[in-house]
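The sequence and the structure are shown first, and selected local features are then described in turn.

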Amino acid sequence: MHFEFYHSGLDDVPKLSVDGTVSNSVHFSHWEGNQTPAELKADTSTEIALNLVAAPNKNELTRGIELVTNNHFDTDGVLSVWTVLTGERALELRGKLIPAAEAGDFSEFTNEAAVRASIAIQGSDQPNPNDDPGSPLANQLAGESVDDAKAYELVLPEVERLLTRTDEYEPLWRSAWEKIAKAIESFESGASSVTEFSGPDISLITIAPDVFSPSGFNPTRHAAPYTAISHYAKGSLFVITTPFKTGWSYRIDYPYYSWAETIVRPRIRRHDFSQFLTELKKLERESEGVWKLDNSEMTSAIKFLGHDGTLAASRIAPDDVARILGVAITSLKTTHAAH
């Protein structure tokens, strides 16, 4: 088998679409709308690929097609492509492949090595404007920033070594890993916290201001610490807040696996939050921003944004936001049940 990054010239060519979903292809993917064979389905595309290479009817499932493609670059994409190309030998690394894929696609923390390997492949889970774009590993190997197609060419030969000798790649993951470790320590020490609300199944996540630097968490520059949040929060909706200026910054997210078609992890319903936003706008007084629906990220739902489009300071207390959200979700569930 051989890999070629997806381009329009492949549209009429039979191919195996691994992770991404493209036309005229056999799917081995967890992306919504995939047509992956039911017996192979799993939560990550990497696990689907492992199921494929272990299948006794692999040749039947691949229909004899030798061309493997994907239409984007990330950890799960790289590892699933590598697994299909490597074949049964990849099964020996199953315990390393799946956690690294989960770290990349779902911001999940199984072990340090898995998170570090994912960082080396696709970069930090909490980027800021000063981060270099693209794959740290591919950019280092090329000596410059490269596009997705070139990144696959450079990273695929490194996968086995990266997974088995992750410490050798420390310069690529150290800085981003330290941010994740600092966020995790903040939860462990109680400086950051998670309050779980039963019934509506909401996690209220309070991030300590000093998680990112001595000067504090700056919502205009820093992304939320996704890996730490997913490690501690268990709800079907995350209310993420931190003390900020004269109030609290807010973003409301679905769990970070919820964008994908999952088999083990529960499917998460997307809600109509129009009424919820109406209630919050009534309470908001003399604030610097406005509550808005937000789907700019695959799992984002709502943000409190200033005029510059960055997170601003709301005057509504976190418990009140979680309480109003819980009432809204309960109402929505009642409405769905009635229909």
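Rings of Phe, Tyr and Trp (its six-membered ring) are taken as a pair if their centres lie within 6.5 Å; planes under 30 degrees apart count as stacked, over 60 as edge-to-face and the rest as tilted. The model is predicted, with local features needing pLDDT of at least 70 and side-chain atom pairs counting only at pLDDT 80 or more, while totals for chains, interfaces and linings use all residues. Residues are numbered from 1 along each chain as its sequence is written, and side-chain values use heavy atoms, with hydrogens and water left out.

**Aromatic rings**

The count of aromatic pairs comes to 13. One of them joins Phe 3 and Tyr 152, a tilted pair with 4.6 Å from centre to centre and 35° between the planes. Phe 3 belongs to strand E1 (residues 2-3) and Tyr 152 to helix H7 (residues 148-155), so the pair ties together parts that are 149 residues apart in sequence. Helices (H or I, at least four residues) and strands (E, at least two) are DSSP runs, numbered from the N terminus. One aromatic cluster is formed by Phe 3, Phe 5, Phe 73 and Tyr 152. Elsewhere, the charged end of Arg 270 sits over the ring of Tyr 254, 4.1 Å from its centre; the criterion is NZ of Lys or CZ of Arg within 6 Å of the ring centre and within 35 degrees of the ring normal.

**Burial**

The table gives relative accessible areas, where buried means under 20%, exposed over 50% and partly exposed in between (1.4 Å probe, protein chains only).

| Residue | Relative accessible area | Class |
|---|---|---|
| Phe 3 | 19% | buried |
| Tyr 152 | 0% | buried |
| His 27 | 9% | buried |
| Ala 208 | 7% | buried |

**His 27 and its surroundings**

His 27 is placed in strand E3 (residues 25-28). Its side chain reaches the backbone nitrogen of Gln 35 at 2.9 Å. Leaving aside residues up to four places away in sequence, the residues that His 27 touches (heavy atoms within 4.5 Å) include Ser 17, Thr 21, Gly 33 and Pro 37.

**Strands E5 and E6**

Strand E5 (residues 193-197) runs antiparallel to E6, and five bridges join them; two strands pair if DSSP finds at least two bridges between them. Ser 193 stands opposite Thr 206 in E6. The hairpin of E5 and E6 has four residues between the strands, and Gly 199 there takes a positive phi near 85°. Ala 208 lies in the loop between strand E6 (202-206) and helix H10 (226-232). Its C-alpha atom is separated by 16 Å from that of Leu 311, 103 residues apart along the chain.

Technical notes:
Polar contact = N/O pair within 3.5 Å; in protein donor to acceptor, adjacent residues only side chain to side chain.
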